[in-house]
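Keep the coordinates open as you read.

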Amino acid sequence: MVVTYNRKELLMECLEALRRQTGPLDAIYIIDNASTDGTPELLKSRGYQDGAVVESPLDGREIIIRYVRLPVNTGGAGGFHEGVRRAFSDGYDWIWLMDDDAEPLPDSLEGLLRYAGDDTAALANLKVSPDGRPQYIHRGFFDFNSFRRVVRPVTDDDLRGETVEIDHASFVGILINSDSVRRIGFPRREFFLHYDDVEYCLRLRSTGKIILVPGSLILHKEAAAGNITGSLPGSRIPVVPYDKLWLRYYGIRNQTWLRRKEMGRGRFFIFMIRAVLLSAAAQIIAGIITEKPFRRARFVLSAYVDGLRGRFDNEKPRRILYGSDNQ
């Protein structure tokens with residue numbers, strides 16, 4: 001299952017890589033988050049329209065295409081919710097998730113399936129950059145008591161074995177057991193972006209193991225990177241362009257919501273004081289350097305408040321940044 005938005009060239013590379021899988025791939029679900037770059041037309045011209053059947057160039061095996069174009073952009077979380085829901089409803093035993101900037105190697109699926117078992121909730125490929133380096137932060141172990149990341153990344157030592165049991169794998173190269181989906185439901189679409197994979201893995205872990213297979217690789221091109229233009233002088237605090245700042249809202253809100261559930265009460269209180277003060281100060285300084293310091297500060301404070309209250313209004317960040325939200 002592939003979630004896509006306005007990256008039709010990368011999507012085609014992903015689809016062609018899926019067709020070349022040596023493992024048994026029965027169907028490809030393409031969830032299009034209302035792309036405006038001609039994605040539907042290109043898919044149709046390449047034979048990937050809904051209901052089409054394409055052949056594997058390796059052995060001629062038939063693969064069903066399910067193309068779903070959503071009426072609006074629901075973010076990655078909404079796309080994965082829709083894709084998992086549809087594939088589960090259609091009765092598939094295992095559901096393999098990825099973004100359009102992923103490119104599985106020919107044996108990526110086969111390398112996972114050899115470890116499939118009834119007590120396994122999910123299996124994960126090792127994500128690597130185009131230069132072959134592991135993307136450690138996308139696989140790891142929950143650590144909600146940390147003030148930094150909620151997931152402690154795997155290390156080279158963790159990758160030495162044939163498999164390693166982990167807590168978290170991002171939604172690129174994770175193969176989910178439908179028996180687990182039956183018990184826990186689908187990814188939370190209201191998250192829109194960021195931490196939807198963390199929340200879903202928390203639920204997956206309640207049904208069985210999540211197994212990382214270091215020898216089974218999936219290439220991740222991370223084409224969406226680049227929203228940060230620099231850092232504040234003398235610090236590692238990122239400076240995000242004002243027109244990209246709305247993307248930060250979802251990560252702050254969703255992480256706050258998760259930490260409130262999973263972190264000890266006292267430590268969570270300390271985390272919130274620290275995070276709010278640092279974030280607001282960083283945005284004020286960034287705004288002095290660039291533009292609109294107090295609107296920036298109000299924006300991040302609103303994200304923390306909404307996370308505390310469990311409010312998932314995904315249009316709110318744009319309203320705040322562009323002056324139409326007076327709440």
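Start with leucine 42, which lies in helix α2 (residues 39–45). Helices here are DSSP runs of H or I with at least four residues, strands are runs of E with at least two, and both are numbered from the N terminus. The model is predicted, so local features need pLDDT of at least 70 and side-chain atom pairs count only at pLDDT 80 or more, while totals for chains, interfaces and linings use all residues. Residues are numbered from 1 along each chain as its sequence is written, and side-chain values use heavy atoms, with hydrogens and water left out.

Is leucine 42 buried or exposed? Leucine 42 counts as buried, because its relative accessibility is 19%. Buried means under 20% relative accessible area, exposed means over 50%, and partly exposed is in between (1.4 Å probe, protein chains only). Setting aside residues up to four places away in sequence, leucine 42 touches Lys8 and Met12. Contact means heavy atoms within 4.5 Å. Arginine 253 is elsewhere: 211 residues separate it from leucine 42 in sequence, and 36 Å in space, C-alpha to C-alpha.

Helix α1 (residues 8–19) holds arginine 19. Arginine 19 also counts as buried, at 19% relative accessibility. Beyond residues up to four places away in sequence, arginine 19 touches Tyr48, Val54, Glu55, Ser56, Pro57 and Ile63.

Alanine 34 sits in the loop between β2 (27–32) and α2. Its phi is near 60°, a positive value in a residue other than glycine. Alanine 34 is buried, with a relative accessible area of 13%. Tyrosine 195 is in the loop between α5 (178–184) and α6. Its phi, near 70°, is again positive in a residue other than glycine. Tyrosine 195 counts as partly exposed, at 23% relative accessibility.

Next, the cores. A nonpolar core is a set of buried Ala, Val, Leu, Ile, Met, Phe, Trp, Tyr and Cys residues joined through side-chain atoms within 4.5 Å. The largest has 34 residues, and Leu97, Ile174 and Leu204 have the most contacts inside it. Strand β7 (residues 120–128) gives the largest share of this core, five residues. What does isoleucine 174 contact? Leaving aside neighbours within four places in sequence, its partners are Ile95, Trp96, Leu97, Ala122, Leu123, Ala124, Ala169, Cys201 and Leu204. Another core, of 28 residues, lies apart from the largest one; Met12, Tyr48, Leu109 and Leu175 are among its members.

Now the helix pairs. The axes of α6 (residues 196–205) and α7 (residues 246–262) come within 10 Å and cross at roughly 30°. Axes are lines fitted to C-alpha atoms, for helices over the stretch in contact, and angles run from 0 to 180 degrees between N-to-C directions. That crossing makes α6 roughly parallel to α7. Angles under 35 degrees count as roughly parallel, over 145 as roughly antiparallel, 65 to 115 as roughly perpendicular and the rest as oblique. Val198, Glu199 and Leu202 of α6 meet Trp257, Leu258 and Glu262 of α7.

Helix α7 also pairs with α9 (residues 293–309): their axes come within 7 Å and cross at roughly 35°. From α7, the contact includes Trp246, Tyr249 and Arg253; from α9, it includes Phe299, Tyr304 and Asp306.
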